[in-house]
Amino acid sequence: MLDHCSISHKGGVVLWSRSFTPEASHIASSAASPVNSLIREALIEGRTAEQKYEKDGYAVKWTFVNDLELIFVVAYQRILQLTYVDDLLTAMKALFIKLFEPFLTTFVASLHAMSSGKPSPSKNGNTSWNVVKALDGWDNLFDKLLKTFEDRAAQERKSRFKPLNRANHTEPDLPSDDSSTAPTKSPDVPQDEQQIARNVQALKNRLRGRGGKQGGRSVARAESNNGPASENESSKRRTKAKTQRKWGDEAPSESDMASLDFSVDKPESGVDGRLPQDLMSLVDGASLGTRTKDGLYEVKDWDFGSKGDPMDSVITRALGKDATSQLGSSLGPLGSLFARLTGSKVLTAQDLTPVLEGMKQHLMKKNVAMEIADKICEGVGEGLVGKKVGGFQTTSNAVRTALSASLTRILTPKTSTDLLLSIRTKLSSPLPSSQQRLPYTITFVGVNGVGKSTNLSKVCFWLIQNNLRVLIAACDTFRSGAVEQLRVHVRNLSMLGVDGATDSKGRVELFEKGYGKDAAAIAKEAIAYAKENGFDVVLIDTAGRMQDNEPLMRALAKLVTVNTPDKIIFVGEALVGNEAVDQLTKFDRALRDFSSASSGKSRGIDGMLVTKWDTVDDKVGAALSMTYVTGQPIIFVGCGQTYTDLRQLRVDSVVQAILSD
């Protein structure tokens with residue numbers, strides 16, 4: 001059963017709508033309407049190629065009529081499996097356009113005239129429209145159309161669950177290896193003596209063959225337990241013992257003992273207050289950020305570099321002066337595809353198919369996940385179908401503009417990416433005198449081996465440079481060496497100076513409880529410790545886990561639910577490609593489902609930190625895939641091994657890199 005159905009103009013005018021339940025009618029008139037959410041979170045951001053949009057228990061499907069700028073939307077309960085919705089949308093669109101096309105054409109032209117300040121093209125210059133009168137009779141037609149599809153779906157369900165006629169479907173008898181299996185043939189069927197003899201002989205052969213195999217295995221097993229074999233195994237075990245360190249015949253000297261001293265309190269070899277050589281290598285002066293007039297430390301923007309002409313891209317070069325003459329050579333196969341779209345005509349899906357296929361291949365070469373490339377190209381195609389072009393130049397402009405606008409909409413964040421502003425806003429917000437201020441907490445999550453701990457330390461360095469006290473919570477209690485790795489980072493960061501100071505002692509500490517403990521409890525204790533000792537930010541390091549491991553994902557959701565961090569940052573690699581979609585989708589869905597099940601409030605990914613960014617050159621499609629899946633921004637990218645190798649991304653630079661040839 002449907003909950004809501006509507007037909008509206010892209011400008012926001014609702015031509016017709018129908019709610020099928022009182023609850024749906026109430027929700028449809030509020031800001032929490034699934035249709036409004038669809039427009040805000042999918043259509044405006046260019047996610048028009050999704051098969052289905054889900055929000056607050058509703059599933060929403062839609063279709064467009066680009067030449068008339070209409071949107072047909074159907075919403076229903078997500079738990080229901082309504083197989084006829086797509087066919088209903090198609091039929092509803094075709095019937096509505098066929099019946100009311102003259103009125104719709106004049107109405108849309110009038111809207112354009114009103115927006116541009118020109119006189120209305122309607123007769124007598126009338127700008128008021130009686131839409132209800134113009135669409136008279138549509139309610140009855142829609143009811144008949146809906147009843148037709150619902151009846152057809154009901155018939156399909158009945159035929160699917162109709163009991164099978166076993167008399168007409170006799171399965172052949174298969175021989176069974178189990179001697180205790182009862183005969184599959186009915187005892188009422190008469191058998192001659194020859195048939196009985198053949199059955200008995202076949203049964204004996206099966207039993208004989210099984211006994212031979214078992215005997216062979218038992219003999220082999222008996223031989224494997226003989227004395228010589230056991231002696232060989234015991235000798236192998238003895239050889240696998242750990243070899244002891246050889247110290248030599250003489251006692252170690254003081255220099256040998258000093259070289260083997262790896263204690264934390266070992267004095268550093270700095271001279272005249274300068275950093276030791278090993279700490280100097282952890283800070284790259286060339287990649288240091290800049291300070292604003294307010295004294296804030298900002299990381300640099302990622303520079304893709306300029307190799308040749310910065311506007312030298314697959315689509316941009318199609319707009320050059322000699323584009324038509326050099327199309328085959330300069331653009332390759334994609335150029336010849338664009339060349340087919342010449343002449344003044346209205347674009348159709350058939351015209352755009354080869355161009356969109358070439359565009360899809362180009363996006364996939366840039367490391368965009370295949371599923372995301374498909375959806376982006378479908379969205380661009382839906383926006384171009386029905387548009388009129390007047391020559392190759394105009395067609396190329398339309399395609400390039402549509403693709404660039406789609407990529408920009410996807411990559412433009414919905415929320416602020418200024419993490420420092422969020423931290424300072426929370427720390428400076430007024431509180432009652434009896435209440436103690438909580439620190440700003442950030443949780444880093446992700447799969448194994450992507451660099452969560454390393455990039456957490458880079459974020460910590462950035463926060464220290466902005467005069468914030470940071471507590472690092474070692475909540476990876478599973479991986480061997482995880483706590484020791486953070487201990488080394490904290491030791492290094494505490495020795496790096498801020499604003500001319502020789503060290504940062506007191507600005508960063510490590511909170512750890514060892515291994516094998518509950519990560520959620522450790523994080524809670526760390527936040528309480530930070531609250532009591534005046535820390536500004538708590539960075540929570542978590543264990544890496546695969547997105548398909550449900551017990552570990554539940555444990556991560558427990559950590560999030562118990563501690564309610566201010567930010568949940570997903571750490572992913574720039575090299576993942578198609579895997580980015582699976583990782584982010586399952587991480588975000590698992591966090592939302594498991595956290596809402598335990599607390600009633602769902603929490604998902606709030607942002608991404610993409611590591612190993614310096615290894616992909618201009619193949620930056622992973623950023624597009626991650627942003628498309630979650631709708632959340634990329635806050636930082638990691639690009640090296642020093643604490644200063646942290647960068648910010650600019651949307652226009654990423655779009656240019658994706659479109660570059």
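Biologist: How many helices and strands does the chain have?
Modeller: Helices are DSSP runs of H or I with at least four residues, and strands are runs of E with at least two, both numbered from the N terminus. This is a predicted model: local features need pLDDT of at least 70, side-chain atom pairs count only at pLDDT 80 or more, and totals for chains, interfaces and linings use all residues. Residues are numbered from 1 along each chain as its sequence is written, and side-chain values use heavy atoms, leaving out hydrogens and water. The chain has 21 helices and 18 strands.

Biologist: What percentage of the residues in the chain is buried?
Modeller: Buried means under 20% relative accessible area, exposed means over 50%, and partly exposed lies in between (1.4 Å probe, protein chains only). The chain has 661 residues, and the buried share is 41%.

Biologist: Among contacts between residues at least 6 apart in sequence, what percentage joins residues at least 24 apart?
Modeller: Contact means heavy atoms within 4.5 Å. Take the contacts in the chain between residues at least 6 apart; the share joining residues at least 24 apart is 71%.

Biologist: At what angle do the axes of H11 and H12 cross?
Modeller: Two packed helices are described by the angle and the distance between their axes. Axes are lines fitted to C-alpha atoms, for helices over the stretch in contact, with angles from 0 to 180 degrees between N-to-C directions. H11 covers residues 349–365 and H12 covers 370–384. Their axes come within 9 Å and cross at roughly 145 degrees.

Biologist: How many residues in the contact of H11 with H12 are nonpolar?
Modeller: From H11, the residues include Leu352, Leu356 and Met359; from H12, they include Ile376, Val380 and Leu384. Ala, Val, Leu, Ile, Met, Phe, Trp, Tyr, Cys and Pro count as nonpolar, Asp, Glu, Lys and Arg as charged, and the others, Gly among them, as polar. The contact has 1 polar residue and 2 charged ones, and its nonpolar count is 11.

Biologist: What is the phi of Asn367?
Modeller: Asn367 lies in the loop between H11 and H12. Asn367 is not a glycine, yet its phi is positive, at about 75 degrees.

Biologist: Which residue's backbone oxygen does the side chain of Asn367 reach?
Modeller: Asn367 touches residues beyond four places away in sequence, including Leu575, Lys619 and Ser625. Lys619 is 252 residues away in sequence, but its C-alpha is 5.5 Å from that of Asn367. At 3.2 Å, the backbone oxygen reached by the Asn367 side chain belongs to Ala574.

Biologist: Is Thr564 buried or exposed?
Modeller: Thr564 sits in the loop between helix H18 (550–563) and strand E15 (567–573). Its phi is positive, near 40 degrees, though Thr564 is not a glycine. Its relative accessible area is 52%, so Thr564 is exposed.

Biologist: Which residue's side chain does Arg603 join in a polar contact of 2.7 Å?
Modeller: Arg603 is in the loop between helix H19 (579–599) and strand E16 (607–611). At 17% relative accessibility, Arg603 is buried. A polar contact is a pair of N or O atoms within 3.5 Å; within protein, one must be able to donate a hydrogen and the other to accept it, and residues adjacent in sequence count only if both atoms are side-chain atoms. At 2.7 Å, the side-chain partner of Arg603 is Asp606.

Biologist: How far apart are the C-alpha atoms of Tyr297 and Leu463?
Modeller: Tyr297 belongs to strand E7 (residues 297–298). Its relative accessible area is 4%, so Tyr297 is buried. Leu463 lies 166 residues away along the chain, and the C-alpha separation is 8.4 Å.
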